[in-house]
Amino acid sequence: MIAQLIFSLSFIIAVVFFSIQVKRIIRNIKLGRDINRHDAPKKRWLTMAKVALGQSKMVARPIAGIMHILVYLGFVIINLEVLEIIIDGIFGTHRVFAFLGSFYNFLIGSFEILALLVLIGVIVFLIRRVILRLKRFSGVEMTTWPKSDALYILIIEVLLMSAFLTMNAADYKLQLAGFGHYIPVGSFPVSQFLLNLLPNNPETLVFIERSCWWFHILGILAFLNYLPFSKHFHIILAFPNTWYSNLNAKGRFNDMESVQNEVKAMFDPTFTPPPSDEIARFGAKDVQDLNWVQLMNAYTCTECGRCTSVCPANQTGKLLSPRKIMMDTRDRLEEVGRNINQKGKDYSDDKSLLDNYISREEIWACTTCNACTEACPINIDPLSIILDLRRYAVMEESNVTGSLNAMFSNIENNGAPWKYAPSDRLNWATKE
């Protein structure tokens, strides 16, 4: 009874704490401007199924893609057993779904095979990070915490899968010994090879089985509450992120409603802009000026570096890293959220995303080629944030590079980006 109470209390605390952290993140995301991303629902469901569930963009890099699919599917499916563990923990039962008979045997056997595949995948990822040290896992933005975060998750997965297989092995050996309530049930195609590594004493086996059971479930609950503080929160956010992703063709820029209203008013004196309580700002200076989808993108970023590895500006040694853009946006949003919690929603710390987190050099290094958005395995769009920061610099501050100033002057005076007068445009075609 004491064990049941301890488990129930641990479970309730874990769920409550996780709910509080999720509520905090949702509040932060809602600080962004509104945007309508509810069009074409059929296409959005298909996109989510293909990209988030089917992981279609992951396999662009076959080794990482296949390993990630194994780890993802294995970890998710194995955790279906958590339902049985929760019921056993609350009511003091043991393998409550054993009544499913041969189907239960199939499930346990499948879970074990998947657990082995997860271990293989995680070991490959550890080798790539720790031994091979792939270039895309490094960068100025990849400080101690981002690197440690990735390793923590991989180590946690190794421990959880090892505990799961050891628990089953001890359970199976107790079944073979006919000890207590350990009735013959389940199939153990992987853990059966661990039997010779375990002691023969039944009391010791029970201790090992119970210890691994507690470690497995408490580890999962701890992992659940670690997610909101980790880049691995994408496990949850990848689905809404792909559903709300930009369905427009790459390279198509979104219009600014405030600018459209200004232009309409110029051409039609009778046009009255729709009422709005929001103070209009062209582009974005801080995270509150971005839309909520962009802020959700920041929380969804996996820091995998695929975007930065294909960025031509980054490859030529420029300061820009699309991954850093997303990480900086998330860090600034977290800071704004903490300020709200501590000092109220009207507090200003005199800092902003532009300049304090992302430099002018970074945003103007971008070629707007969309390579980063194409490479992202979960449809994150760093380019949209860069463009909004640029729009603020141009339209609010008139702060642009010399070459752009020259282009703007030519457009104003000549109606084209070039310095030639309109009457001279066809001189190149004139025959001598």
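In this predicted model, the side chains of R24 and E334 meet in a salt bridge, with N and O 2.7 Å apart. A salt bridge here is a side-chain nitrogen of Lys or Arg within 4 Å of a carboxyl oxygen of Asp or Glu. Side chains of opposite charge can pair when their charged atoms come close. The R24–E334 pair links distant parts of the chain, since R24 sits in helix α1, E334 sits in helix α13 (residues 322–343), and 310 residues separate them. Helices (H or I, at least four residues) and strands (E, at least two) are DSSP runs, numbered from the N terminus. Both R24 and E334 are buried, where buried means under 20% relative accessible area, exposed over 50%, and partly exposed in between (1.4 Å probe, protein chains only).

Residues are numbered from 1 along each chain as its sequence is written, and side-chain values use heavy atoms, with hydrogens and water left out. Because the model is predicted, local features need pLDDT of at least 70 and side-chain atom pairs count only at pLDDT 80 or more, while totals for chains, interfaces and linings use all residues.

How many salt bridges does the rule give? The count comes to 16. Another of these pairs is R332 with D349, whose side chains meet at 2.9 Å, N to O. K351 is partly exposed, with a relative accessible area of 33%, whereas E335 counts as buried at 13% relative accessibility. Through shared partners, salt bridges join D286, R332, E335, D349 and K351 into one network.

Two packed helices are described by the angle between their axes and the distance between the axes. The axes of α1 (residues 2–29) and α4 (residues 81–91) come within 7 Å and cross at roughly 130°. That makes α1 oblique to α4. The axes are lines fitted to C-alpha atoms, for helices over the stretch in contact, and angles run from 0 to 180 degrees between N-to-C directions; angles under 35 degrees count as roughly parallel, over 145 as roughly antiparallel, 65 to 115 as roughly perpendicular and the rest as oblique. On the α1 side, Q4, F7, S8 and F11 make the contact, and on the α4 side I85, I86, G89, I90 and F91 do so, with contact meaning heavy atoms within 4.5 Å. Sorted by class, this contact has six nonpolar, three polar and no charged residues. For this sorting, Ala, Val, Leu, Ile, Met, Phe, Trp, Tyr, Cys and Pro count as nonpolar, Asp, Glu, Lys and Arg as charged, and the others, Gly among them, as polar.

Within α4, the residues E81, V82, E84, I85, I86, D88 and G89 are buried. The buried residues of α4 pack against α1, α3 (62–78), α5 (102–131), α6 (144–177) and α7 (202–226). After α4 comes G92, with a positive phi near 75°.

Next comes N241, which lies in helix α8 (residues 234–243). Is N241 buried or exposed? N241 is buried, with a relative accessible area of 0%. The N241 side chain makes a polar contact with the side chain of T300, at 3.3 Å, and a polar atom of the N241 side chain lies 2.8 Å from the backbone oxygen of I378. A polar contact is a pair of N or O atoms within 3.5 Å; within protein, one must be able to donate a hydrogen and the other to accept it, and residues adjacent in sequence count only if both atoms are side-chain atoms. Leaving aside residues up to four places away in sequence, N241 touches M296, N297, T300, I378, N379 and I380.

Finally, the overall picture: the protein chain has 18 helices and zero strands, and 44% of its 432 residues count as buried.
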